[in-house]
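Subject: Structure handover

Hello,

Here is the structure for you to look over. My notes on it follow below.

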Amino acid sequence: RALREGGRFTLCHRPDQLAEVLCTLRAARLEPKRLAFARQRPGSTPWLFVVEAQKGRRPGLRLEPDLLVETGAARYGV
């Protein structure tokens, strides 16, 4: 309720809860806009996802490049 129209909300969560999180966001009038997965290295199983939602916006989800975590430093990768 504290988020104004068009306001952004970012959430990090476990990938096994992705469908539930997206449904809950939409039920709260928060439209998922960007989604990225965090992986240890390319090709590994994701252990976290990051989703950005905006309140009261039209549908449309953009998949961002994976966030790779190697030797303790996070970086964008493919």
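**What was found**

The accessible surface of the protein is about 5,500 Å², and carbon and sulfur atoms hold 55% of that. Areas come from the Shrake-Rupley method with a 1.4 Å probe, and for residues only the protein chains shown count as cover.

Some ground rules. This is a predicted model: local features need pLDDT of at least 70, side-chain atom pairs count only at pLDDT 80 or more, and totals for chains, interfaces and linings use all residues. Residues are numbered from 1 along each chain as its sequence is written, and side-chain values use heavy atoms, without hydrogens and water.

**Fold**

The protein has 1 helix and 6 strands. Their order along the sequence is β-α-β-β-β-β-β. Both are DSSP runs numbered from the N terminus: helices are H or I with at least four residues, strands are E with at least two. Among contacts with a separation of 6 or more, 62% join residues 24 or more positions apart. Contact means heavy atoms within 4.5 Å.

**Strand 3**

Strand 3 spans 48-55. Of its 8 residues, 7 are buried, so the rest of the structure largely encloses it. Buried means under 20% relative accessible area, exposed over 50%, partly exposed in between (1.4 Å probe, protein chains only). Across the protein, 35% of the 78 residues are buried.

Strand 3 pairs with strand 1 (residues 8-13) in the antiparallel sense, over 6 bridges. There, Thr-10 sits opposite Glu-52. Strand 3 also pairs with strand 2, again antiparallel, over 8 bridges. Here Leu-30 has Lys-55 as its bridge partner. Pairing requires at least two DSSP bridges between the strands.

**Core**

The largest nonpolar core holds 10 residues: Leu-18, Val-21, Leu-22, Leu-25, Leu-30, Leu-35, Phe-37, Phe-49, Val-51 and Ala-53. Helix 1 (18-27), strand 2 and strand 3 each give two or more of them. Helix 1 has the largest share, with 4 residues. Such a core is a set of buried Ala, Val, Leu, Ile, Met, Phe, Trp, Tyr and Cys residues joined through side-chain atoms within 4.5 Å.

Leu-22 touches Pro-32 and Val-51, leaving aside its neighbours within four places in sequence.

**Loop**

Ser-44 lies in the loop between strand 2 (30-39) and strand 3. Its relative accessibility is 18%, so Ser-44 counts as buried. A polar atom of the Ser-44 side chain lies 2.7 Å from the backbone oxygen of Arg-41.

Best wishes

Conventions:
A polar contact is a pair of N or O atoms within 3.5 Å; within protein, one must be able to donate a hydrogen and the other to accept it, and residues adjacent in sequence count only if both atoms are side-chain atoms.
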